[in-house]
Amino acid sequence: MSRSYVTVLFSCILISLCLPNSSAQTCNSYSFSSNRVYPSCVDLSVLNSYLHWSYNQSAGTVAIAFRHTGTDSTRWVAWALNPSGQIMAGSQALVAYQNSSTNLVQAHTSPITGTGGTTLAQGNLSFGVSGISAMLENGEMTIFATLQLIDSLLSTNQVWQEGPMSGGAPSIHPTTGNNMVSVGSIDFRTGQTSAGGGSITSRQKKRNIHGVLNAVSWGTLIPMGAIVARYLKVFKSADPAWFYIHVACQTSAYIVGVAGWGTGMKLGSDSAGIQYNTHRNIGITLFCLGTVQVFALLLRPKKDHKYRLYWNIYHHTIGYAVIILSIINIFEGFKVLDGQKNWRTAYTVVIIVLGCIAVVLEAFTWFIVLKRKRVSSDKHPHGKDGYGARPERTEV
């Protein structure tokens with residue numbers, strides 16, 4: 001091999017290594033057609049995505065261009081602002097995909113209120129959006145829009161995402177890898193950005209605390225207290241210990257639950273207009289019912305009082321209603337804690353375990369009650385006093 005040939009080959013290798021490719025491109029080296037100019041841009045941390053923008057201080061607007069490379073007509077892309085946190089729920093999104101019927105690329109706005117199978121349906125955002133459009137060229141989807149932002153949204157959280165199309169509509173995106181860390185913060189005025197995913201924001205910490213407090217109190221201690229009251233009282237040796245254990249569980253649950261309710265109300269007031277109405281309304285209802293139950297304890301009649309039967313009916317009805325609503329609302333809360341499937345799984349296991357314990361104890365309780373009734377019938381064929389009197393009942 002000649003020396004000149006080796007030199008030429010070595011030079012070609014160096015040139016090929018130095019030339020930029022599609023996977024190594026940066027936003028600064030990109031030029032838009034149609035005379036579009038964006039003074040600021042950032043290479044987003046994952047999903048081959050880039051954000052370009054132009055901030056107009058006097059008009060209070062931000063013109064943006066969101067680019068996602070390495071895609072095709074079978075996938076959708078989205079970019080969003082989320083003042084609630086670096087999560088999907090609460091995001092104010094711009095969505096783009098190619099319509100399978102018309103083969104035209106379309107873009108629309110979509111407010112995302114939860115994470116339970118969202119279809120990215122079209123709707124108005126919490127801020128103004130004009131001139132929204134999209135194009136798909138050479139495996140690159142770009143969304144264009146002008147945002148009318150108040151001062152508090154000029155520095156906030158951003159979320160971006162991509163996923164498959166199914167039946168002509170956006171389907172759920174992958175829930176592993178880079179799709180779960182495509183979040184960050186952005187300041188349109190200064191150009192400062194940061195990547196998220198590896199850290200937890202202050203608001204997320206508050207949400208986590210809120211979730212733990214309520215799962216432990218309303219979702220675990222209250223059902224445990226009900227199990228104690230229903231089943232331990234069958235054993236004569238457990239009286240009155242079961243009553244004090246029941247009161248301790250329910251009182252502790254109420255105290256911790258009030259703390260959880262308070263953090264939830266504070267989070268709701270700080271949500272910048274984004275509300276989780278079902279979760280919030282059930283939470284307020286639970287707080288009211290729980291408070292009434294606590295005060296009802298102070299008005300508990302004696303066992304032989306004529307109103308004791310009505311008090312028992314009220315106490316049991318409200319108690320079981322609180323348990324059912326608590327479990328429902330905790331799972332509603334998991335929809336807000338985006339990406340926290342491990343929490344949902346853990347609580348599901350807790351509920352299954354408590355349910356199995358209740359089923360076993362229910363069967364055992366009936367066995368004991370029927371056995372006692374049979375023994376009582378053998379000893380007193382005509383009733384306790386010889387005239388068919390009913391056996392005494394154990395009251396709560």
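1. The side chains of Asp-187 and Arg-189 form a salt bridge, with a distance of 3.7 Å from N to O. The model under review is a predicted one. Asp-187 has a relative accessibility of 13% and therefore counts as buried, the limit being under 20%.

2. How many salt bridges does the structure hold? There are four, and the Asp-187 and Arg-189 pair is one of them. Two others are described in the points that follow.

3. Glu-140 and Arg-67 form a salt bridge in which the closest N and O atoms are 3.1 Å apart. Are the two partners buried or exposed? Glu-140 counts as buried because its relative accessibility is 10%, and Arg-67 counts as buried because its value is 0%.

4. Glu-362 and Arg-230 also meet through their side chains in a salt bridge, at 2.9 Å from N to O. Here too the pair links distant parts of the chain, with Glu-362 in helix α6 (residues 341–379) and Arg-230 in helix α2 (residues 202–231), 132 residues apart. Glu-362 is partly exposed, with a relative accessible area of 22%. Arg-230 likewise counts as partly exposed, at 37% relative accessibility.

5. On the overall fold, the secondary structure comprises six helices and twelve strands. The protein has 396 residues, of which 39% are buried. Among contacts with a separation of 6 or more, 61% are between residues 24 or more positions apart.

6. Helix α3 (residues 241–269) has 29 residues and spans 42 Å from first to last C-alpha, close to the expected 42 Å at 1.5 Å a residue. Its buried residues are Trp-242, Phe-243, His-246, Cys-249, Ala-253, Tyr-254, Gly-257, Gly-260, Leu-267 and Gly-268.

7. Helix α4 (residues 277–298) has 22 residues; the distance from its first C-alpha to its last is 33 Å, close to the 32 Å expected at 1.5 Å a residue. Buried positions in α4 include His-279, Ile-282, Gly-283, Leu-286, Gly-290, Thr-291, Gln-293 and Ala-296.

8. The packing of two helices is described by the angle between their axes and the distance between the axes. For α3 and α4, the angle is about 145° and the axes are 10 Å apart. The crossing of α3 and α4 is left-handed.

9. Which residues of α3 and α4 meet? From α3 come Val-247, Tyr-254, Val-258, Trp-261 and Met-265; from α4 come Arg-280, Gly-283, Ile-284, Phe-287, Gly-290, Thr-291, Val-294 and Leu-297. By class, this contact of α3 with α4 has nine nonpolar, three polar and one charged residues. Tyr-254 takes part in the contact and is also among the buried residues of α3. On the α4 side, Gly-283, Gly-290 and Thr-291 belong to the contact and are buried as well.

10. Asn-157 lies in strand β9 (residues 155–166). Asn-157 counts as buried because its relative accessible area is 14%, which is under 20%. Leaving aside residues up to four places away in sequence, Asn-157 touches Ala-80, Leu-81, Asn-82, Pro-83, Ser-84, Gly-85, Gln-86, Gly-184 and Ser-185.

Definitions and conventions:
Residues are numbered from 1 along each chain as its sequence is written. This is a predicted model: local features need pLDDT of at least 70, side-chain atom pairs count only at pLDDT 80 or more; totals for chains, interfaces and linings use all residues. Side-chain values use heavy atoms; hydrogens and water are left out. Buried means under 20% relative accessible area, exposed over 50%, partly exposed in between (1.4 Å probe, protein chains only). Helices (H or I, at least four residues) and strands (E, at least two) are DSSP runs, numbered from the N terminus. The expected span of a helix is 1.5 Å times one less than its number of residues. Axes are lines fitted to C-alpha atoms, for helices over the stretch in contact, and angles run from 0 to 180 degrees between N-to-C directions. A crossing is left-handed if the near helix is turned anticlockwise from the far one by less than a right angle, and right-handed if clockwise. Contact means heavy atoms within 4.5 Å. Ala, Val, Leu, Ile, Met, Phe, Trp, Tyr, Cys and Pro count as nonpolar, Asp, Glu, Lys and Arg as charged, and the others, Gly among them, as polar.
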